[in-house]
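I will jot down each thing I look up, one entry at a time.

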Amino acid sequence: MSSQQKKDQMPDWSDYRGILVFVEQRDGVAKNVSWQLLGIGKKLADKLDTALMALVIGDNVEHLANEAIYHGADKVYLCEGPELKDYRTQPYSRITLKLIEDAKPEICLFGATGTGRDLAGAIATHVPTGLTADTTQLDVEPSPSRLLMASRPAFGEKLMATILCKNHRPQMATARAGVFEALPRDPERKGEIIRIENPIKNEDIATKVLDFIEKKNEVNLEEAEVIVAGGRGLGAPEGFKLLKELADELGGEVGASRPCVDAGWITHEHQVGQTGHTVRPKLYFAIGISGAVQHTVGMADSDVIVAINKDPDAPIFQFAHYGIVGDLFKIVPNITAQVKKRKA
Ligand code: FAD
């Protein structure tokens, strides 16, 4: 065998099987990214002909174990206790590491959220194994390699890198919220719930959560059902006031294209696209946005897209379900007034 062949030969990982998704929750409410990860996890598990597993940790969170089954999990590991109410790295990573040791999943997926990043990083360091952060595409090579192909933008977002983890198990990735589609919730779906004994005592944990202070006016594009997004066509920061009025009437959030953020008209947390958020709301307004690929890559999976642009040839119309050609400064206040009228 040549030295190259020896290098390419992977260790025998046949005792590692199944895909494990970490279900992130706060106060018993799951983050949507958890169900989205189960959606992609199911596709990967079907390709590998293996089980899709979920891990739920928290206090009084049994309902989330059931929800995980309704969203595609075959088997859910559930660890409950008052010490686990709030996320803390030490207890959560200890429980997850023990489960990885016992259940031996070949792939572990986490949301690329603050919690997911923290937990996945802590675990990958301890196992030790590789971790691909912030992935936007996930696929697997079929047997015998069963390799996870975890892709993410690289080199200043100019190209996509696909990262493989050949020499360690499990293969781990965090994935951005809004990128993958959750399966439709099926309350008839059956699965197995396995309780894990809570090994944690409060005195074992070095950190204490004293309080949660919610960030006021936090923009939550990934979870928004309606997004009213504006682009350079708004002409000035004041243009976003028009959008905010419409978003407020529809109970939605305001989004933006990158030039508006670069110009300082609005903060980066509103940016949609390759270097911003990936979103899939029920309704997306693209107002004064031309439809560059770096923008559409972040919103093209929205259920309904309404584009408003004065240029009939703007590429955004190729993505839109409904297109309005005209001046946004006339059209947007009109739509807002109509919505108000219908609500009255
Ligand atoms: P423009 O392309 O200038 O379009 C403005 C539109 O407004 C035009 O179509 C015009 O007809 C219309 N308009 C003007 N006035 C009116 C009016 N009164 N009424 C109606 N319509 C009007 N972009 C992103 O959005 N998100 C990203 O994450 C992102 N990442 C990037 C990453 C890289 C590495 C690079 C190179 C670029 C990235 N971009 C991103 C930038 C992207 O390439 C485009 O430049 C950007 O999306 C264009 O923004 P826009 O549509 O608002 O502006």
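**Entry 1: terms and the pocket**

Before I write any element names, a note to myself: helices (at least four residues) and strands (at least two) are DSSP runs, numbered from the N terminus. I also keep in mind that this is a predicted model.

I went to the largest pocket and read off a volume of about 1200 Å³. Its lining holds 40 residues, and those closest to the centre are K31, T113, G114, E218 and N220. Which elements each supply at least two residues of that lining? I found β2 (25-26), β3 (29-30) and α5 (114-126). The largest share comes from α5, with 3 residues.

I then sorted the lining by residue class. I got 13 nonpolar, 11 polar and 16 charged residues.

**Entry 2: aromatic rings**

How many aromatic pairs are there? The count comes to 4. I looked at W13 and Y16 to begin with: their ring centres are 5.8 Å apart and their planes stand at 85 degrees, over the 60 degrees that edge-to-face needs, so I logged the pair as edge-to-face. W13 and Y16 are both buried.

Y87 and Y92 came next. With ring centres 5.0 Å apart and planes at 75 degrees, this pair is edge-to-face too. Y92 has 2% relative accessibility, so I marked Y92 as buried. I also noted that Y87 and Y92 belong to one aromatic cluster together with F22 and F110.

**Entry 3: charges over rings**

I checked which charged side chains lie over a ring face. K104 lies over the face of Y16, at 5.9 Å from the ring centre. That brings me back to Y16, the edge-to-face partner of W13.

Is K104 buried, partly exposed or exposed? At 25% relative accessibility, K104 counts as partly exposed. Its phi is near 50 degrees, a positive value in a residue other than glycine.

I placed R146 in the loop between β8 and β9. With a relative accessible area of 7%, R146 is buried.

P144 lies in that loop between β8 (137-140) and β9 (148-154) as well. The peptide bond leading from S143 into P144 is cis, with omega near 10 degrees.

I turned up another cis peptide bond, joining R169 and P170, with omega about -5 degrees. P170 is found in the loop between β10 (159-163) and β11 (171-175).

**Entry 4: cysteines**

How many disulfides does the model have? I counted 0.

C165 is buried, with a relative accessible area of 14%. I looked up C260 as well, and at 0% relative accessibility C260 counts as buried.

**Entry 5: helix α3 and a glycine after it**

I walked along α3, residues 62-70, to see which residues are buried. My list reads L64, A65, E67, A68, I69 and Y70. Just after α3, G72 takes a positive phi of about 125 degrees.

Where is G264? I found G264 in the loop between α7 (258-262) and β15 (283-287). Is G264 buried or exposed? With a relative accessible area of 59%, G264 is exposed.

I finished with a distance. From C-alpha to C-alpha, G264 and I19 are 42 Å apart in space, and in sequence they are 245 residues apart.

Note on methods
Residues numbered from 1 in each chain as written. Predicted model: local features only at pLDDT ≥ 70, side-chain atom pairs only at ≥ 80, totals over all residues. Heavy atoms only, no water. 1 Å grid on protein atoms, 1.4 Å probe; cavity = no way out; pocket = protein on both sides within 12 Å on 5 of 7 lines; lining within 4 Å. Points joined across faces, edges and corners; volume = space filled by probe spheres on them. Nonpolar A, V, L, I, M, F, W, Y, C, P; charged D, E, K, R; others polar. Phe/Tyr/Trp six-rings, centres within 6.5 Å; stacked < 30°, edge-to-face > 60°. Buried < 20%, exposed > 50% of the residue type's maximum accessible area, 1.4 Å probe, protein only. Lys NZ or Arg CZ within 6 Å of the ring centre and 35° of its normal. Disulfide = S-S within 2.5 Å.
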